Amino acid sequence: MPTPRKASQIAALADKLGRAKLAIVADYRGLKVKDLSALRRQLGGHHSELEVAKNTLLTKAAADSGINVGTTLFKGPTAIAFCFDDVVEPAKVIADFARTSRILSVRGGLLDGNLIGADGVASLATLPPVDQLRAQLVGTISGPLSNTVGVLNAVLQTFVATLEARSEQISGHAA
């Protein structure tokens, strides 16, 4: 039975895991406190939080949230970034930080409660921003629709022009 303090930590972690769209798990062994603070500041601008937590507490919190994390995700010193809004920008921040520090190593993550590997997190970091993806989707949908409208409009314009020409032809013969 966990102590009341640990039980509240487990409940807080379970709440964050439940609310997070993406949780990125990394090994922070060797990072200095100032480096972790800098990473926290960078993530804070993207509605994300970085926490260092014990693996046993994280495992229990994941189980309480109904998430099966297996045994490989929470091993060794664990830092977990909870991303509550956008999933792409925090993944980019962590990937850039891992590349520049050469100390932080991403183990994997949880995307909407589903386990993804380090390569999945890396591929998220290569995606364009959400607004750009939405614009591409709208363009993909609206392109064929506007082409269809253009074709239908051209047919109607041709039909109206033909009727006008015939009308002028008939009125020309009548005069």
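**Close-up 1. The largest nonpolar core and the members with the most contacts.** In this predicted model, the largest nonpolar core holds 23 residues, and those touching the most other members are Leu22, Ile24, Leu39, Leu43, Leu50, Ile94 and Leu104. At least two residues of this core come from each of strand S1 (22–27), helix H2 (33–44), strand S3 (78–83), helix H4 (88–101) and helix H5 (118–125). Which element gives the largest share of this core? It is H4, with six residues.

**Close-up 2. The surroundings of Leu50.** Leu50 is one of the residues that touch the most other members of the largest nonpolar core. Setting aside neighbours within four places in sequence, what is Leu50 in contact with? The list is Leu36, Leu39, Arg40, Leu43, Ala79, Ile80 and Ala81. Two of these names, Leu39 and Leu43, also stand among the core residues with the most contacts to other members. Ser37 makes a handy landmark for this view. Ser37 sits in helix H2 and is partly exposed, with a relative accessibility of 25%. From Ser37 to Leu50 the separation is 13 residues in sequence, and the C-alpha atoms are 9.1 Å apart in space.

**Close-up 3. Lys16 and its two glutamate partners.** A search of the whole structure gives eight salt bridges, and this view takes in those between Lys16 and Glu49 and between Lys16 and Glu51. As background, side chains of opposite charge can pair when their charged atoms come close. In the pair of Glu49 with Lys16, the closest N and O atoms are 2.9 Å apart. Glu49 belongs to strand S2 (residues 48–53) and Lys16 to helix H1, so this pair ties together parts that are 33 residues apart in sequence. Between Glu51 and Lys16 the N to O distance is 2.3 Å. Glu51 is also in strand S2, so its bridge to Lys16 in helix H1 ties together parts 35 residues apart in sequence. Through these shared partners, salt bridges join Lys16, Glu49 and Glu51 into one network. Is Lys16 buried or exposed? Its relative accessible area is 15%, so Lys16 counts as buried. Glu49 is partly exposed at 33%, and Glu51 is partly exposed at 22%.

Close-up 4. The side chains of Asp15 and Arg19 form a salt bridge, with 3.2 Å from N to O. How many residues separate them along helix H1 (residues 4–19)? Asp15 and Arg19 are four residues apart, which is about one turn of the helix. Asp15 has a relative accessible area of 41%, so it counts as partly exposed. Arg19 is likewise partly exposed, at 45%.

**Close-up 5. The aromatic pair Phe82 and Phe84.** One aromatic pair is counted in the structure. Its ring centres, on Phe82 and Phe84, lie 6.4 Å apart, and the planes meet at 15 degrees; planes under 30 degrees apart count as stacked, so this pair is stacked. Are the two residues buried or exposed? Both Phe82 and Phe84 are buried.

**Close-up 6. A nonpolar patch on the surface.** Leu137, Ile141 and Leu145 make up a nonpolar patch, and together they have about 310 Å² of accessible area. Leu137 lies in helix H6 (residues 130–174). With a relative accessible area of 52%, Leu137 is exposed.

Close-up 7. What is the phi of His47? It is near 55 degrees, a positive value in a residue that is not glycine. His47 is in the loop between H2 and S2, and His47 is exposed, with a relative accessible area of 53%. Asp112, also not a glycine, has a positive phi of about 50 degrees. Its place is the loop between strand S4 (105–111) and strand S5 (114–117). Asp112 is exposed as well, at 57% relative accessible area.

Key:
Residues are numbered from 1 along each chain as its sequence is written. This is a predicted model: local features need pLDDT of at least 70, side-chain atom pairs count only at pLDDT 80 or more; totals for chains, interfaces and linings use all residues. Side-chain values use heavy atoms; hydrogens and water are left out. A nonpolar core is a set of buried Ala, Val, Leu, Ile, Met, Phe, Trp, Tyr and Cys residues joined through side-chain atoms within 4.5 Å. Buried means under 20% relative accessible area, exposed over 50%, partly exposed in between (1.4 Å probe, protein chains only). Contact means heavy atoms within 4.5 Å. Patches are made of residues with over 30% relative accessible area and no salt bridge: like charges are joined within 9 Å, nonpolar side chains (Val, Leu, Ile, Met, Phe, Trp, Tyr) within 5 Å. Accessible areas come from the Shrake-Rupley method with a 1.4 Å probe; for residues, only the protein chains shown count as cover. A salt bridge is a side-chain nitrogen of Lys or Arg within 4 Å of a carboxyl oxygen of Asp or Glu. Rings of Phe, Tyr and Trp (its six-membered ring) pair if their centres lie within 6.5 Å; planes under 30 degrees apart count as stacked, over 60 as edge-to-face and the rest as tilted.
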